2 protein chains.
Amino acid sequence: MDRYYLKLALRIAERSRGICSPNPFVGALIVKDGKIISEGSTQPYGYDHAEIVALKAAGEHAYGASLYVTLEPCCHFGMTPPCTEAIIKAGIKRVVIGIEDPNPKVAGKGIQTLRNAGIEVSVGFFEEEIKEQLEYYLCFILKKRPFIIWKSALSLDGKYAASDGSSRWISNLASRQYVHKIRSQVDVVLAGVKSVNDDDALLNARLAGNLKQPLRLVLDPHLDIKLNSRLVTSAHSYPTMIMYHEDNHTKLKQLESAGVRLHKIYGQKDELALTAVIDEIYKMNFYSVLLEAGNRLSESFWELGLVDKCFIFYGNKILGGDKGVLSNFDRQNIDRAIILKKIRVERLHDNVLISGYPSISQS
Amino acid sequence: MDRYYLKLALRIAERSRGICSPNPFVGALIVKDGKIISEGSTQPYGYDHAEIVALKAAGEHAYGASLYVTLEPCCHFGMTPPCTEAIIKAGIKRVVIGIEDPNPKVAGKGIQTLRNAGIEVSVGFFEEEIKEQLEYYLCFILKKRPFIIWKSALSLDGKYAASDGSSRWISNLASRQYVHKIRSQVDVVLAGVKSVNDDDALLNARLAGNLKQPLRLVLDPHLDIKLNSRLVTSAHSYPTMIMYHEDNHTKLKQLESAGVRLHKIYGQKDELALTAVIDEIYKMNFYSVLLEAGNRLSESFWELGLVDKCFIFYGNKILGGDKGVLSNFDRQNIDRAIILKKIRVERLHDNVLISGYPSISQS
């Protein structure tokens with residue numbers, strides 16, 4: 001039954017996907033005498049963790065019960081008191097944990113604290129699933145940078161636009177809706193100023209009933225963004241930030257009064273240092289970034305090995321022409337190809353989505 | 001029940017796919033007193049049509065029975081006597097036909113002949129399915145040219161090779177097996193001399209138990225093919241033809257003695273006139289061609305609108321570089337994109353096959 005309850009905890013965790021960064025979204029379940037008496041998932045940053053939600057819902061019934069939780073409970077004071085303390089206080093008899101939390105502040109110490117209090121602890125269930133579920137958080141903790149997702153909409157022949165630059169729309173409505181869903185689950189949507197100016201993109205998450213909006217981050221070395229762009233004019237409604245390196249006092253003031261947050265970053269000429277950009281995002285406690293970059297900026301992220309996952313949408317179009325995607329990200333020989341691990345294929349009406357985790361080919 | 005028996009006839013027809021060109025592969029079924037008493041599918045060119053196979057198997061039991069057949073029975077002397085005559089002679093009472101045969105020698109006259117003999121005839125079942133099943137034949141009859149299939153193996157980013165030219169293998173074993181299946185079902189596999197010389201491709205159908213081999217046709221304007229290529233050295237075992245335009249008596253004799261058939265075609269410099277090539281294939285009574293052409297030759301077929309169906313295999317590789325497929329087949333604007341009708345998506349392990357019928361976009 002342990003596996004059954006933990007599988008349920010994984011599903012409960014999904015309710016908090018995208019809402020609690022930089023905390024991992026965790027699911028918890030309290031079971032007593034073979035009955036589920038309460039459940040909980042991580043609340044937004046600064047609010048209750050999953051275990052606390054479940055414990056509060058169970059009240060005094062938690063005494064003598066078992067707790068199932070996808071990630072090792074925390075044992076340190078962060079924005080909230082340690083979960084281990086609450087678990088012990090509630091009289092939980094047994095704790096079943098999916099995976100250890102690699103966060104150095106926890107890293108087995110949560111488990112040890114529970115065991116020291118006489119609680120029976122089992123660890124190691126659905127490790128692969130949970131590691132994938134918490135991939136943003138685990139990257140953030142282990143690599144000390146946000147998890148970076150590249151998305152691209154291509155024609156069947158691998159072009160990101162027709163030769164005259166037209167690209168609306170290569171992909172269909174279902175594909176574009178899917179992108180809005182991804183946007184609603186990440187912390188940051190990143191684009192270059194060129195594509196924002198050219199496409200007048202809003203970059204927000206337009207989904208019925210969606211409340212969570214990502215930070216819209218534009219890399220704009222010389223502050224070239226159009227003041228009348230939809231992105232700037234909507235900056236009071238949706239979180240918006242521009243990273244730049246060349247000062248322009250007037251434009252800076254205009255953007256600030258439009259509601260845009262500004263952040264100076266090291267850069268040279270027409271480029272910002274991307275590693276500095278990613279480091280700043282990390283320091284802002286954001287653990288996931290969706291790249292909605294044009295081809296050139298995309299190539300730079302690929303060159304730096306800064307793509308953790310990719311979503312490629314194939315529209316039902318053959319375009320021909322010279323706008324082949326990633327042409328400058330030249331792997332030279334087939335033995336040096338990037339392959340996608342855990343590749344997934346989804347059909348979206350007449351479009352196809354292929355996603356996976358880029359990895360150096362082993363062939 | 002008519003639809004049920006005709007659906008069965010469609011399946012029976014599949015047994016003869018690829019073996020009877022330029023005849024359509026047809027399925028037939030004889031039913032008497034609610035029982036199937038015999039069935040048949042078209043035999044190789046010059047041998048029995050489906051109806052005759054079924055009638056022979058039924059013998060005298062055909063008297064008073066119903067015949068189900070996917071295509072209108074022929075009423076003319078071709079390589080074999082008219083089927084209508086045999087149907088009337090056997091005493092068939094009712095004939096249920098999928099679609100009319102647009103071949104001008106038949107075109108409703110088969111149906112009329114049967115009706116004139118007092119046989120009840122119903123026509124028009126599964127028209128869309130049968131038209132797709134017989135797409136090679138229908139193109140041959142209606143467009144007076146073979147049906148042309150383009151296949152391509154691409155990386156996920158739409159490259160047909162890495163920048164150094166290496167392309168073995170972009171697609172996986174399952175994809176390559178699929179190509180062998182297509183080869184076994186077409187009359188002609190067409191390639192340019194460059195890809196034959198570069199890849200030393202055999203271009204035959206290597207499938208367990210497969211007996212039918214396509215004609216391997218190489219476009220080789222100046223007779224540049226290597227005499228020691230696997231294609232030439234296997235020409236006594238597998239049908240092989242070279243089309244050229246520039247005479248070279250010595251090479252010609254060498255190729256002929258290796259078993260290669262040679263065919264002079266109009267051409268200029270490094271190119272043969274593709275419409276002349278296709279017309280010659282038509283005159284040879286071949287109704288289907290699989291293009292296994294390199295990128296440049298492929299682009300020429302696309303430019304001429306000579307692609308009736310395409311199979312694009314996406315290998316699990318990202319290659320980058322300048323080898324983007326169909327770059328010179330430039331549609332310029334997204335509104336001029338080619339779209340695929342009846343698009344199909346199949347997953348072949350970590351590869352994806354997208355196929356369909358190219359059509360001018362209506363967007």
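**Stop one: a residue in chain A**

Select Val189(A): it is buried, with 28 other C-beta atoms within 10 Å (buried means 20 or more such atoms within 10 Å of its own, with C-beta atoms placed from the backbone). Before going on, note that this is a predicted model, where local features need pLDDT of at least 70, side-chain atom pairs count only at pLDDT 80 or more, and totals for chains, interfaces and linings use all residues. Residues are numbered from 1 along each chain as its sequence is written, while chains are lettered from A and ligands numbered from 1 in the order in which they are written.

Val189(A) sits in strand 7 (residues 188-192) of chain A; strands are DSSP runs of E, at least two residues, and helices are runs of H or I, at least four, numbered from the N terminus. Leaving aside neighbours within four places in sequence, its contacts include Leu203(A), Pro214(A) and Leu290(A) (contact: C-beta atoms, placed from the backbone, within 7 Å).

**Stop two: the sheet in chain B**

Now hop to chain B and colour its open sheet of 9 strands, order 10-9-8-7-13-6-14-16-15, with mixed pairing (two strands pair if DSSP finds at least two bridges between them). At the edges are strand 10 (261-264) and strand 15 (338-348) of chain B, each pairing on one side only.

Zoom in on strand 7 (residues 188-192) and strand 8 (residues 215-219) of chain B: they run parallel, joined by 5 bridges. Pick Leu190(B) there, and its bridge partner in strand 8 of chain B is Leu217(B).

Conventions: A residue is buried if 20 or more other C-beta atoms lie within 10 Å of its own, exposed if 12 or fewer, and partly exposed in between; C-beta atoms are placed from the backbone. Two residues are in contact if their C-beta atoms, placed from the backbone, lie within 7 Å.
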